[in-house]
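Subject: Structure handover

Hello,

Here is the structure I promised you. Please open it first, then read my notes below.

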Amino acid sequence: MLDFTLTPEQLALQQKARDFALKEVLPVAWYYDEKDDIPLPVLRKAFDAGIMNLDIPKAYGGQGLGLVEAAILTEELAAACPGLATSIFDNSLGMEPVLLSENEEIRKRYLPRILNDFKLICFATSEPLMGSDVAGIRCRAKADGEDYILDGTKYWITNGGLADYISVFATVDPKQGHKGICAFLVEKGWPGVRVGRPIPKMGQRCSNTVGLKFDNVRVPKANVLAPPGNGFVLAMKTFGRTRPIIGSFGVGAARSAMEYAMDYARKRQAFGMPIAGFQAIQFKIAEMYQKVETARLLTLKAAWEADQGMDPTLNASVAKLYATEVALEVANEALQIIGGYGYTKMYPVEKLLRDVRLLRIYEGTSEVQRMIVAGAVMSQYQPAMPALEDLPLHRDADPLGADANETAWRCRICGYVHYGDEAPDECPYCFFPQSAFKKAGEGAAD
């Protein structure tokens, strides 16, 4: 039975996150955007408030909440600042390979530290030349006894300049593609780990993004998250659980852009009336609202599937694709409604527009999501309707009347339906031979 009602606990979390976003995130967002810096004290406040790390299982002392709760919380934070929301969420992204790994000992050692000691963990798959091709990883992991030696570079790493721990994906041999990929938990303080300068970005300037360099970094056997050959699967499982939350970034940012546009439209006078009275503006608001609502439903569905132990891969990609594109569309239309003022830095929408542009790129571009969706649908989707060649499409004989027992033959080339005990020698429309016909429909003989 379907039920779209949030539980009392989820409503309380939503209100807690909204209060935090309005009191702690919103007031600092534009200042730190202008500085191109991350307000680390806000991350500390999020940690102290229980806004971070809510997905650490109860077995390790955490709250043990699911992706639905993460989606609810992230929407509220992203509505105030998508960049800060990204850095607050990044601990969950960095921890996901640890939670999914078969290495139980690593969870026992590190999760309590993250939970109790304000330790940050980041996620490192991307590289300067890799893009969305995870199988194209070049960062090398060379076996040295039971340990591994890491050499290579990671790029676009959120919180990489702040994190204490790094979930690193590497390969034992780039020529092996996905079969060579492995994963490790690396401590940033280990010898050979270097952090690059913060990368200057168009948006998401309240979020720290850097490159990481690994020079002959020794990783002990105890810190292997996935041995060679298992790393690619671990990365894909991670994305299946984190992409719905990227959708929540889009939902939150789009929602606030819509709200700013609505507020402006109610108060801005033109031609003797508020512009909210013009149908052109009303239609824009209506489009915004339906897109935000649809994106939220898709995001929550994918999160719910993951929480139920189902494979969320397909719907995670659907949610990520739709919600992130909606965010850009809604923010752009909000700026159009606000007009020239919206284009200035004195109004909030230009920042949202810059921030949400990244959502269509990270954790798999929109193009990659389309490839995932198309591949899954074309190979796994089970149609409810019969194949085209099995459709009789009765036009000349009444299937409910005296002709009900007539045998129907459908031409598999042009679709012409012939009635009779046998198919015609030749199709009268496309001239294909009798072999092109197939018995079809309810009137077909067994």
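Start with Arg-370. Arg-370 is partly exposed, at 40% relative accessible area. The classes are buried (under 20% relative accessible area), exposed (over 50%) and partly exposed in between, with a 1.4 Å probe and protein chains only.

Two notes on the source. This is a predicted model, in which local features need pLDDT of at least 70 and side-chain atom pairs count only at pLDDT 80 or more, while totals for chains, interfaces and linings use all residues. Residues are numbered from 1 along each chain as its sequence is written, and side-chain values use heavy atoms, with hydrogens and water left out.

Salt bridges

Side chains of opposite charge can pair when their charged atoms come close. A salt bridge here is a side-chain nitrogen of Lys or Arg within 4 Å of a carboxyl oxygen of Asp or Glu. By this rule there are 31 salt bridges.

Arg-370 is in one of them, with Glu-325 (3.1 Å, N to O). This pair links distant parts of the chain: Glu-325 is in helix H8 and Arg-370 in helix H10 (residues 366–380), 45 residues apart. Helices (H or I, at least four residues) and strands (E, at least two) are DSSP runs, numbered from the N terminus. Glu-325 counts as buried, at 15% relative accessibility.

Salt bridges that share partners also build one network from Arg-18, Glu-75, Glu-76, Arg-255, Glu-259, Glu-293 and Arg-296.

Next, Lys-291 and Glu-329 form a salt bridge (3.0 Å, N to O). Lys-291 lies in helix H7 (residues 279–307) and Glu-329 in helix H8 (residues 313–338), so the pair ties together parts that are 38 residues apart in sequence. Glu-329 is partly exposed, at 34%.

Lys-213 pairs with Asp-215, and their closest N and O atoms are 2.6 Å apart. Lys-213 is partly exposed at 29%. Asp-215 is partly exposed at 28%.

Three strands form an open sheet, in the order E12-E11-E13, with antiparallel pairing. Strands E12 (417–419) and E13 (437–440) stand at the edges with a single partner strand each, so one side of each has no neighbour in the sheet. Two strands pair if DSSP finds at least two bridges between them. E11 (residues 408–411) and E13 pair over four bridges. Trp-409 has Lys-439 in E13 as its bridge partner.

One last residue

Phe-4 lies in the segment before helix H1 (8–35). Phe-4 is exposed, at 67%.

Best wishes
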